[in-house]
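Take a look at the model below.

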Amino acid sequence: MFNYILRRVLLLIPLLLAISVVVFLMIHLIPGDPVQIMLGDKGTAEDAARLRRELGFDQPLYIQYYKFLTNLVQGDLGRSIRNRNPVINEIAAAFPATIELTVLSMIFASIIGIAAGIVSAIKQYSLIDNLTMVGALLGISMPVFWVGMMLMLIFGSRLGWLPISGRISRLADLEIITNFYLIDSILTGNWNAFRSTFSHLILPAITLATIPVAMIARMTRSTTLEILNQDYIRTARAKGLPEKVVILKHVLKNSLIPVVTIIGLQFGSFLGGAVLTETVFARAGVGRLLINGILGRDFPVIQGAVIFIASFFIFINLIVDILYSYLDPRIHYS
Amino acid sequence: MANLTGMTEEKRIKSESLWTISFRRMRKNRTAIAGIIILFIFAVIAIFAPLIAPYDPFEQNFITSFRPPSAENFLGTDEFGRDVFSRIIYGARISLQIGFVSVFISLILGVSLGLVAGYYGGWIDMLIMRIMDLMLSFPYILLALVIMSILGPGIFNAMIAIGIVYVPQYARIVRSSVLSVKKKEYVMAAQALGASDLRIILKHVFLNSMAPIIIQTTLSIGRAIINAAGLSFLGLGAQPPTPEWGAMLSNGQDFLRNAPWIATFPGIAIALLVLGFNLVGDGFRDAFDPRLHK
């Protein structure tokens, strides 16, 4: 097991290096002069010369990459062209918003998806099964951003139950410590701020959960159906165990293994979906930072956000793989 | 006698190809038929858009702006007084075009790379598959955004970006089919008879990986349409005044409170079209699944 983990971690190094090459080359692959594109119409010749020097474009490509990589390892992702802030600070400020959103959304998706999948499988071909599966199919067919807008329209504008944009109400007066607003409000005992942060998270988290909930429900249903046909379930029933025990102890436990994998694999979809969800709900997360970077042709920001999201995604996949081997004793890694 | 009947039955079952059985299964699958009907309706709408749309999708008229759905404007009008229904009708053309073009790009690139990697093996296989792994280490939309930030905004660039994003999936499917077919006796026989690599690849290897490719293609077109709408929604795909559904949604968000119809109906159109592709894709998957064949 230890050897397996070590091998997986070591395999990350070439992958991360390859990602750094792709991200480094992005700026050089733009058709035309990247400096002119980044400065737009407003830049003077001196601005262009300064930016060229700052980005190291006056040096050979391999030296540029070497500098890019050494800076990257030290956590220096350059400065934003638009507001001159260090990119790493921008990401550090935006990242907690994205994590709060994705984690809460993952919890929603897992609870609803697993429950719906299991009920569907136990009551196969019933009305509830059919409704769940139609709902799941609709879930993967609807654009996430549209779902967000419809939730905003119904629960925000029409019913006025929940806030529709931002991370927290201005009136909440929260003292920032970690930038994770939920954690900060607990740390400072500011329950008003906690309520405000949580209520700002509900609609975006449900929006982001739409596709994963559908995938998890479908996956749980099919694995549960397979398990219900196993001999050990028949044995459990034959020896007179109450149905509740059979379902909770034998079916649920065994069907969770592939479901955990699908939840982990959905993390990419959570991160990707966060880009759109943060745009719809005007949440200042990494996804929104990336989109603003792309729209404003701010390449240091784009590069920083892309490297960050991709590395995070790889890291989560690694954890899922390790967790999977831990959860399922039938899997042995050499 | 009993034996003889058994043999005849066996022969009859064997004489039916996987395709015949699959299409028979597909015909019996009600949800798949519903998907085919949805796609057929959208295809008719796209082809006959000028005949179906009551108004010009680009025609602006400020007097008629923000009109709610009525007999005159079936789905209302937008801030420029343009008829939302007519724009959705024309949008079907764009979305279907995006879906097919981007999946065509992934098919051509992915299938060729998968065939080459699987058939030749060695360092070519290693190189191609490592690049595919690298592409898969990005979440899909992130990879599309990376490509878009290099190419710049625009509907055609969005098609290229989405096309490239799905290349690894095809490459993997085709490569694994090639690996399983390569060692089969009929391929060796073809080689021994002196058939060229290209002939063997196209005639024996490619045709045997058709089933997973068809399933993947149907499902990918739906996803490509959603992703392209997402890029347009972010302001990176189709640009105004193109009546693309994602761009219409992005535009409609500004008026969500007072004129919700502008954003509501294009979303329903996307969901219905993608649902059609998903239903048909699921139908193909069930139809081609050898475990379900009796």
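Predicted model: local features only at pLDDT ≥ 70, side-chain atom pairs only at ≥ 80, totals over all residues.

## Ala305(A) and its contacts

Set aside its neighbours within four places in sequence. Ala305(A) is then in contact with Ile91(A), Val286(A), Leu289(A), Leu290(A) and Gly293(A).

## The largest nonpolar core

Ala305(A) also belongs to the largest nonpolar core, which has 150 residues. Which members touch the most other members? They are Leu290(A), Ala305(A), Val306(A), Ala144(B), Ile225(B) and Ile270(B). Helix H14 of chain B, residues 261-288, gives this core its largest share. That share is 16 residues.

## Chain B as a whole

Now turn to chain B. Its secondary structure comes to 14 helices and zero strands. Read from the N terminus on, the elements run α-α-α-α-α-α-α-α-α-α-α-α-α-α.

The C-alpha atoms of chain B fill a box of roughly 80 × 55 × 30 Å, taken along the principal axes. Chain B has 294 residues, and 46% of them count as buried. Next, consider contacts in chain B with a separation of 6 or more. Residues 24 or more positions apart account for 70% of these.

## Phe40(B)

Phe40(B) is found in helix H3 of chain B, which covers residues 30-47. Is Phe40(B) buried or exposed? Phe40(B) has 11 C-beta neighbours inside 10 Å, so it counts as exposed.

## Two packed helices

Two packed helices are described by the angle between their axes and the distance between the axes. Take helix H6 (residues 122-136) and helix H9 (residues 167-182), both of chain B. They pack at an angle of about 140°, and their axes are 9 Å apart. H6(B) and H9(B) are therefore oblique to each other. The crossing of H6(B) past H9(B) is left-handed.

Which residues make the contact? H6(B) supplies Ile128(B), Met132(B), Met135(B) and Leu136(B). H9(B) supplies Val167(B), Pro168(B), Ala171(B) and Arg172(B). Seven of the contact residues are nonpolar, none is polar and one is charged.

Definitions and conventions:
Residues numbered from 1 in each chain as written. Chains lettered and ligands numbered in written order. Helix = DSSP H or I, 4+ residues; strand = E, 2+ residues; numbered from the N terminus. Buried ≥ 20, exposed ≤ 12 C-beta atoms within 10 Å, placed from the backbone. Contact = placed C-beta atoms within 7 Å. Core = buried A, V, L, I, M, F, W, Y, C linked by C-beta atoms within 7 Å. Axes fitted to C-alpha atoms, helices over the stretch in contact; angles between N-to-C directions. Parallel < 35°, antiparallel > 145°, perpendicular 65-115°, else oblique. Left-handed = near helix turned anticlockwise from the far one by under 90°. Nonpolar A, V, L, I, M, F, W, Y, C, P; charged D, E, K, R; others polar.
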